[in-house]
Amino acid sequence: AGKLAAVAVVSGRPASFLAERLGLESASRLRAFGLYGLEEAAPGGARVAALNSPGFDAARWRAVAGAAAEQLRANAPAGALVEEKGLSIGLHWRTAPAVEDAVTALAGAIAATSGLVVHRGRMALELSPPQSGDKGDVVRLLCAGAAAGCFIGDDLGDLPAFDALDELAAGSAFRALKVAVTSAESPPALIERSDLVLDGPPAVLALLGELLAAVQRQRWGGG
């Protein structure tokens, strides 16, 4: 993170979760965005809401999401997991694939009455405020003025980040690298859109090491 203009983690998890797990400190150059860019983590787990939505009423939407989570917990079929995230709610059925249709219908009904928006993920749905944006918004923010950008993802929610890289590269000298990470649940659309496919987290770590080495060679006379 100290060698490039920006290095960031962009996740559907809350920003406070990312700050804790990543051990963010005041001097950290690593940035972490939670809830698909709705929050940015700060040292100690503090959160800044709605980076890309001026005037966003976080308190109102937190109350809406809380009420929706109660409805989901009361009505979700057995095997579905309701994950409350503050400003959004995750719905997972990884351990009960047979309830996908029921979960999808329930999420749609609650979204219709609450104003929340349903986003599709990998064996999961996310209900979030309509102004929440997506990972592509974070990519556009971080890559503004940059010469190149790379995004590594493994879920349907990563496709907007791929879209953003394509937009930045269209008709310009911007260089984009879209990387898909495979697993048993990998969405085919993500793999089809990628420039590079990696087999699991160890391969991601190796790629990051290669990118760092390439940056060091370029900056210190190695080519």
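I count two strands as paired if DSSP finds at least two bridges between them. Helices (H or I, at least four residues) and strands (E, at least two) are DSSP runs, numbered from the N terminus.

Before looking further, I note that this is a predicted model: local features need pLDDT of at least 70, side-chain atom pairs count only at pLDDT 80 or more, and totals for chains, interfaces and linings use all residues. Residues are numbered from 1 along each chain as its sequence is written, and side-chain values use heavy atoms, without hydrogens and water.

**Sheet.** I started with S7 and S8 (residues 124-128), which pair in the antiparallel sense over four bridges. There I found His-119 opposite Glu-126 in S8. Zooming out, I see four strands in an open, antiparallel sheet, ordered S5-S6-S8-S7. S5 (81-84) and S7 (117-120) are at the edges with a single partner strand each, so one side of each has no neighbour in the sheet.

**Helices on the sheet.** I looked up H2 (residues 58-75) next: it packs on the sheet and touches S5 and S6 (89-92), contact meaning heavy atoms within 4.5 Å. Its direction makes about 165° with that of S5; axes are lines fitted to C-alpha atoms, for helices over the stretch in contact, and angles run from 0 to 180 degrees between N-to-C directions. H3 (residues 100-114) lies across S6, S7 and S8, at about 5° to S8.

**H4 and H5.** Last, I checked H4 (residues 135-143) against H5 (residues 159-169): they pack at about 40°, axes 6 Å apart. The contact includes Val-139 of H4 and Leu-165 of H5.
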